Amino acid sequence: GGRRGGGGGRISNPTEAKIITRVVLALVQGGVKPCDIGIITPYRQQQLLIGQLLSSLEGTNFEPLNSTGVRDLDLASSIEVNTVDKYQGRDKSCLLVSFVRSNRESKIGSLLTDWRRINVALTRAESKLVLVGSSSTLRCSPSLEQLLNLLRDAKCIVTWK
């Protein structure tokens, strides 16, 4: 789950960061250009963690499903990973959002209760938006609960165990 990292109570979620990295790999292997992928998170510590995981894949030999010719890619420099505040005004074809928060107490934190920030995160994708988070924790926000209900009704939620 989401946990406090070292230094200033920064918050990260290593499991969610690994899921984001797996989704990125699947997108690239499916033919999405890394420069068309962006990742948004409300927390700087999560931004750093995702960047580290992408850097650890440097030199990976990708075998895309189509003929894009992607090989030996440095994902960390090709994919923009930023906080919500730094993404304002910019769009990407494919955007992944890491919500980070996951806890039994259902504490969502102040950043995820700010609807303006959520709006920025949800409106930067041009064609594909992938949301990664703990639905039980996110449901503590009335706005995010409404969004999750819409996604559930449209059968757009995938559970990853």
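**Pocket and cavity in a predicted model**

The largest pocket of this structure, which is a predicted model, has a lining of 31 residues, and those that lie nearest its centre are Leu131, Val132, Gly133, Val158 and Trp160. Its volume comes to about 1000 Å³.

**The largest pocket**

- Four elements, namely helix α1 (14–29), strand β6 (125–132), helix α6 (135–138) and helix α7 (142–153), each contribute at least two residues to the lining of the largest pocket.
- Among the contributors to this lining, α1 gives the most, and its share amounts to six residues.
- When the lining of the largest pocket is sorted by residue class, 17 of its residues are nonpolar, while nine are polar and five are charged.

**The largest cavity**

- The residues that line the largest cavity are Pro42, Val84, Val97, Phe99, Leu111, Leu112, Arg117, Ile118 and Ala121.
- Helix α5, which spans residues 115–122, supplies the largest share of the lining of this cavity, with three residues.
- In the lining of the largest cavity, eight residues are nonpolar and one is charged, whereas no polar residue is found there.
- Arg117 is the charged residue in this lining, because Arg counts as charged and Arg117 is listed among the residues that line the largest cavity.

How values were computed. Residues numbered from 1 in each chain as written. Predicted model: local features only at pLDDT ≥ 70, side-chain atom pairs only at ≥ 80, totals over all residues. Heavy atoms only, no water. 1 Å grid on protein atoms, 1.4 Å probe; cavity = no way out; pocket = protein on both sides within 12 Å on 5 of 7 lines; lining within 4 Å. Points joined across faces, edges and corners; volume = space filled by probe spheres on them.
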